[in-house]
Amino acid sequence: MKAEEKIPGGKLVCVEVAASGGNVDSLRITGDFFLHPEDAIARLESALAGEPLTISEADAESKLASALGNAQLIGVSCQDIARLFRRAVG
Amino acid sequence: MMWRVIDYQENGAFMNMAIDEAVQESVAAGGPPTIRFYGWNPDAVSLGYFQSLEKEVDSEKCAAKGVDIVRRRTGGGAVYHDKYGEITYSVIGRESLFPKDILASYRLICGWVVDSLGLIGIKSEFKPINDIVVNGKKISGNAQTRRGGVLLQHGTILYSLDVERMFSLLRVSDEKIKDKMIAGAKERVTSILRERNIPREDAYEAIFEGFTRGKDFEIAAISAEEAARAAALASSRYAKPEWNRMR
């Protein structure tokens with residue numbers, strides 16, 4: 001399950017979702033965006049772990065944002081990632 | 001503020017990325033802010049930190065053509081580094097030397113590239129997030145990371161461009177799209193040589209001047225400690241599939 005988008009005015013982002021038993025295991029977020037510090041990607045990729053695949057876009061965004069904390073995404077936002085997550089899981 | 005300037009030198013891809021990291025560490029430990037100019041020999045493809053290698057690069061074709069592939073510690077996109085066709089720089093200094101705002105710091109350092117191109121009569125402008133364009137065509141891509149209180153920005157300035165070779169190495173799945181992309185890239189990308197017919201040495205001289213003008217600096221090599229650390233990082237990280245294929 002994956003969805004990809006070139007964010008207008010931003011970067012290309014692909015969100016792949018690994019899931020089992022109706023729940024998210026992890027995300028894999030790839031693309032040519034920036035994230036400072038880069039290590040924060042691990043937190044983002046596990047932000048939805050254990051959540052049902054039916055989690056709403058708004059709830060997914062809020063979990064991603066709290067995992068992001070003070071780290072800074074450039075060229076993509078948590079809202080974009082949440083939207084791509086929803087598109088990926090259908 | 002005394003800058004150290006490391007004059008143009010060519011290295012393999014793994015060593016180039018390892019030197020950037022070794023210098024970033026030495027700056028974190030109190031070393032001088034450093035501007036470094038370099039080239040890639042052999043030709044190489046560098047990948048952004050968050051990119052998927054297999055999605056972005058035809059690794060078999062790269063291997064067959066002797067083109068190295070290395071993952072950078074900076075985000076951004078895949079770049080084909082032609083040993084003749086580009087000049088690369090790194091700017092490495094404590095974060096306190098630069099604007100805290102990331103885009104503002106891109107604008108500052110990219111301004112040095114704009115100044116450099118201006119010296120050879122090429123009018124360019126910074127295009128956020130991280131590009132420099134001439135009449136809307138990209139001539140320079142840049143990428144930044146901040147670690148341990150130290151900012152590292154590296155970027156490439158195109159001297160000449162072989163679009164066909166670039167697209168034979170970067171992965172574009174559909175051949176029709178590839179054709180379109182080659183045609184499109186010729187419209188979207190430019191190089192110093194396409195804008196001004198000047199020798200590569202003159203282009204480098206302008207870049208050196210554009211980056212150093214108004215700064216106190218001394219030309220120096222990397223230290224023996226940095227060289228040893230870079231050699232270790234090149235073999236323990238940048239040459240390793242575990243690093244390059246981690247995504």
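This is a predicted model: local features need pLDDT of at least 70, side-chain atom pairs count only at pLDDT 80 or more; totals for chains, interfaces and linings use all residues.
If you follow strand E2 (residues 12-20) of chain A, you will find eight bridges joining E2(A) to E3(A), with the two running antiparallel. One place to look is Glu16(A), whose bridge partner in E3(A) is Arg28(A).

Now turn to chain B, where three strands form an open sheet in the order E4-E3-E5 with mixed pairing. Its edge strands are strand E4 (68-71) and strand E5 (79-81) of chain B, each of which pairs on one side only. From one strand to the next, the twist averages 25°. Strand E3 (residues 44-47) of chain B pairs with E4(B) in the parallel sense over four bridges, and Ala44(B) has Asp68(B) as its bridge partner in E4(B). Helix H1 (residues 13-28) of chain B lies across E3 and E4 of chain B, running at about 25° to E4(B).

With the sheets in place, we can look at charged side chains. Side chains of opposite charge can pair when their charged atoms come close. Over all chains, the count comes to 18 salt bridges. One of them joins Lys55(B) and Glu4(A), with the closest N and O atoms 2.5 Å apart. This pair crosses between chains, from helix H2 (residues 53-56) of chain B to strand E1 of chain A. Lys55(B) is partly exposed at 29% relative accessibility, and Glu4(A) is partly exposed at 40%.

The next residue along E1(A) brings us back to helix H3(A). Glu5(A) and Arg83(A) meet in a salt bridge at 2.8 Å, N to O, linking strand E1 with helix H3 of chain A across 78 residues. Glu5(A), at 16% relative accessibility, falls under 20% and therefore counts as buried, whereas Arg83(A) at 23% counts as partly exposed.

In chain B, Arg229(B) forms a salt bridge with Glu25(B), their closest N and O atoms being 2.7 Å apart. Arg229(B) lies in helix H9 (residues 224-238) and Glu25(B) in helix H1 of chain B, 204 residues apart.

Terms used
Residues are numbered from 1 along each chain as its sequence is written. Chains are lettered from A and ligands numbered from 1 in the order in which they are written. Side-chain values use heavy atoms; hydrogens and water are left out. Two strands pair if DSSP finds at least two bridges between them. Axes are lines fitted to C-alpha atoms, for helices over the stretch in contact, and angles run from 0 to 180 degrees between N-to-C directions. Contact means heavy atoms within 4.5 Å. A salt bridge is a side-chain nitrogen of Lys or Arg within 4 Å of a carboxyl oxygen of Asp or Glu. Buried means under 20% relative accessible area, exposed over 50%, partly exposed in between (1.4 Å probe, protein chains only).
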